[in-house]
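Open the model in your viewer and keep the selection panel at hand. Each stop below tells you what to pick and what is there.

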Amino acid sequence: LINNAALLLALGLLYGLMQHRSDELQWQIIRGVFFGLIGIGVMMNPWHLVPGVIFDTRSILLSVGGLFLGTVSTLVALVITCGYRIYLGGAGVVMGIGVLVTSGFLGLLWVRRRKQPAYLFGGWEFYLFGIVVHVAMLLWMMTLPTHTSGLALQKLSLPVMLIYPAATVLLARLLAGQELQFHNRVALDKSERQLQRLVEASPM
C-alpha cells in the first residue's frame, strides 16, 4: 500500500504538467497512457490474498481517472490496465478486469450525471464516490471461487471500506487542486489579454 500510495502521489504531482493542453487528442491519449502505466505500476506491487488473487489501489486510480480524464483518456488507461491484468492471469482475473472497468466507468458516469467538472466537487462528494466504487469492488469479489471469495470478504471488507474511500478523497483532492490551478491560470491569462486590448484601444 505504501508503494501504491507513492505511485498515486507521483501521478497527482505530474498530472498538472500534462493538463495545459488537455483538449487536444494527442494529450488525451498521452494522459491515458500515463494513467495506464501507473496502473501497471500499482499492480506490480500488490498484496496477495492467494496465488493469482491480488489487491492494490487500481480501483482508486481508475475511478479518479474517470472523474478527471474524460472518455478518451479513461478508455486508453482501461485498455492498458486490463491487458496487463489479463497477462497476470490467475483466479482473480475476472474480478480484476471487472473492478477496473467498473471503477473507470463509474467515474465517467458520475461526472456526466453531475454535469459539472470534478474539480468543483467537495471532499464529501469524493468520499461518497469512493464508497460507491468500493462497494462495487466488494461485489466483484463474489466472482472469485467460493472459498476464496469468503476469505476475501472476511479479511478485506473492513479495511477496504475504511481506507480506500479516504485514499480516493486524497487523490481526487490532489488532482482537483492541480486542475483548479490550471483553470485559474487560464482565466487570469484571458483577463490580462482583455485588459491589454482595452489599454491599446484607449485614446492616449
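Start with a rule for aromatic rings: rings of Phe, Tyr and Trp (its six-membered ring) count as a pair if their centres lie within 6.5 Å. With that in mind, select Phe68, Phe121 and Phe126. Ring pairs link these residues into a cluster. Remember that you are looking at a predicted model.

**Whole chain**

Now zoom out and colour by secondary structure. The protein has seven helices and two strands. Follow the chain along the sequence, and the pattern reads α-α-β-β-α-α-α-α-α. Of the 204 residues, 45% are buried. Show the surface next. The accessible area is about 10,800 Å², and carbon and sulfur atoms hold 69% of that. Then turn to contacts between residues at least 6 apart in sequence: 73% of them join residues at least 24 apart.

**Helix 3**

Select residues 58-69. Is this helix enclosed or open? Here 12 of the 12 residues are buried, so helix 3 is largely enclosed by the rest of the structure. The buried residues include Arg58, Ile60, Leu61, Leu62, Val64 and Leu67. Phe68, from the ring cluster, is also one of the buried residues of helix 3. Step just past the end of the helix to Gly70. Gly70 has a positive phi of about 95°.

**The salt bridge at Arg58**

Go back to Arg58 and show its side chain. Which residue does Arg58 form a salt bridge with? The partner is Asp56, and the closest N and O atoms are 2.8 Å apart. Arg58 is buried, at a relative accessible area of 4%. Asp56 is buried too, with a relative accessible area of 4%.

**Helix 5 to helix 6**

The count of salt bridges comes to two. For another, select Arg114 and Glu125. Their side chains meet at 2.5 Å, N to O. Arg114 lies in helix 5 (residues 93-114) and Glu125 in helix 6 (residues 123-140), so this pair ties together parts that are 11 residues apart in sequence. Check the exposure of each partner. Arg114 is partly exposed, with a relative accessible area of 34%. Glu125 is buried, at 16%.

**Aromatic pairs**

Display the aromatic side chains. A search of the whole structure finds six aromatic pairs. Pick Trp47 and Phe55. Their ring centres are 6.3 Å apart and the planes meet at 40°, so this pair is tilted. Trp47 is partly exposed, with a relative accessible area of 41%, whereas Phe55 is buried at 6%.

Move on to Trp124 and Tyr127. How are these two rings arranged? This pair is edge-to-face, with 6.1 Å centre to centre and 85° between the planes. Trp124 and Tyr127 are three residues apart in helix 6, a separation of about one helical turn. An α-helix has 3.6 residues a turn, so residues three or four places apart point the same way. Trp124 is exposed, with a relative accessible area of 73%. Tyr127 counts as partly exposed, at 29% relative accessibility.

**Last stop: a surface patch**

Select Leu25, Ile29, Val33 and Leu37, and show the surface again. Together these residues make a nonpolar surface patch of about 330 Å². Leu25 belongs to helix 2 (residues 25-43).

Methods
Residues are numbered from 1 along each chain as its sequence is written. This is a predicted model: local features need pLDDT of at least 70, side-chain atom pairs count only at pLDDT 80 or more; totals for chains, interfaces and linings use all residues. Side-chain values use heavy atoms; hydrogens and water are left out. Buried means under 20% relative accessible area, exposed over 50%, partly exposed in between (1.4 Å probe, protein chains only). Helices (H or I, at least four residues) and strands (E, at least two) are DSSP runs, numbered from the N terminus. Patches are made of residues with over 30% relative accessible area and no salt bridge: like charges are joined within 9 Å, nonpolar side chains (Val, Leu, Ile, Met, Phe, Trp, Tyr) within 5 Å. Accessible areas come from the Shrake-Rupley method with a 1.4 Å probe; for residues, only the protein chains shown count as cover. A salt bridge is a side-chain nitrogen of Lys or Arg within 4 Å of a carboxyl oxygen of Asp or Glu. Contact means heavy atoms within 4.5 Å. Rings of Phe, Tyr and Trp (its six-membered ring) pair if their centres lie within 6.5 Å; planes under 30 degrees apart count as stacked, over 60 as edge-to-face and the rest as tilted.
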